[in-house]
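Hi everyone, thanks for having me.

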Amino acid sequence: MAGDSEASNIRVAVRCRPFSAREQSEGEAKNALACTNNAVQVLESTRMPKSFTYDHVFGCSDSQEAIFEAIGLHLLDNAMNAYNGCIFAYGQTGSGKSHSIMGDVQNEAEQGILPRACTRLFSRIQEARQEESGFEATVLASYLEIYNEKIYDLLTGGDAGELQVRNHPDLGPIVPHLTECPVE
């Protein structure tokens, strides 16, 4: 049920990005969406306004940190308990997927979910090593993009190979031959 994010391992979040500098300079840009805590209302349509409900909705003014706290921290908590995590970013070109996932890695306030998760993950691992003698952790990372129904392994330069999503009886969805790199 939307809004009951603790009851499900799958959460759906929507981020409404702000207008780009180009869009603002072209003038007459106006919002067609109204965002609340868990709903997006489409304002500009030929019919009556429609509202769609999600687990999380982030508006133009929400910070990268707020998005990480709501989305990334849960994945990180699960990773610390040896569970896999996945963020599926979907949208048309220019809709803000890369900004939400990566952000500006050089600017701490504008870092996206992935750099924040990595920083916190390795901080937690370091803390666990200091608190528990003999603590060991292995971190493997893979990074893929699905574009025009092709899977790109972004850790090998992004070439579209013969990668396919398969359903493993014990592991669930997997991508055989996807590069997994140990990271420290």
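Quick definition before we start: two strands pair if DSSP finds at least two bridges between them. Helices (H or I, at least four residues) and strands (E, at least two) are DSSP runs, numbered from the N terminus.

Now, this is a predicted model, where local features need pLDDT of at least 70, side-chain atom pairs count only at pLDDT 80 or more, and totals for chains, interfaces and linings use all residues. Residues are numbered from 1 along each chain as its sequence is written, and side-chain values use heavy atoms, leaving out hydrogens and water.

Okay, the sheet. Val40 has Phe52 in β4 as its bridge partner. Four bridges join β3, residues 39-42, to β4, and the two run antiparallel. Zooming out, three strands make an open sheet, in the order β2-β3-β4, with antiparallel pairing. β2 (33-35) and β4 (50-53) are at the edges with a single partner strand each, so one side of each has no neighbour in the sheet.

On to the helices. How do α2 and α4 pack? Helix α2 (residues 64-80) and helix α4 (residues 113-131) meet at about 45 degrees, with axes 9 Å apart. Those axes are lines fitted to C-alpha atoms over the stretch in contact, and angles run from 0 to 180 degrees between N-to-C directions. So α2 is oblique to α4; under 35 degrees would be roughly parallel, over 145 roughly antiparallel, 65 to 115 roughly perpendicular, and the rest is oblique. Contact means heavy atoms within 4.5 Å, and the residues making it include Phe68 and Leu76 of α2 and Leu121 of α4.
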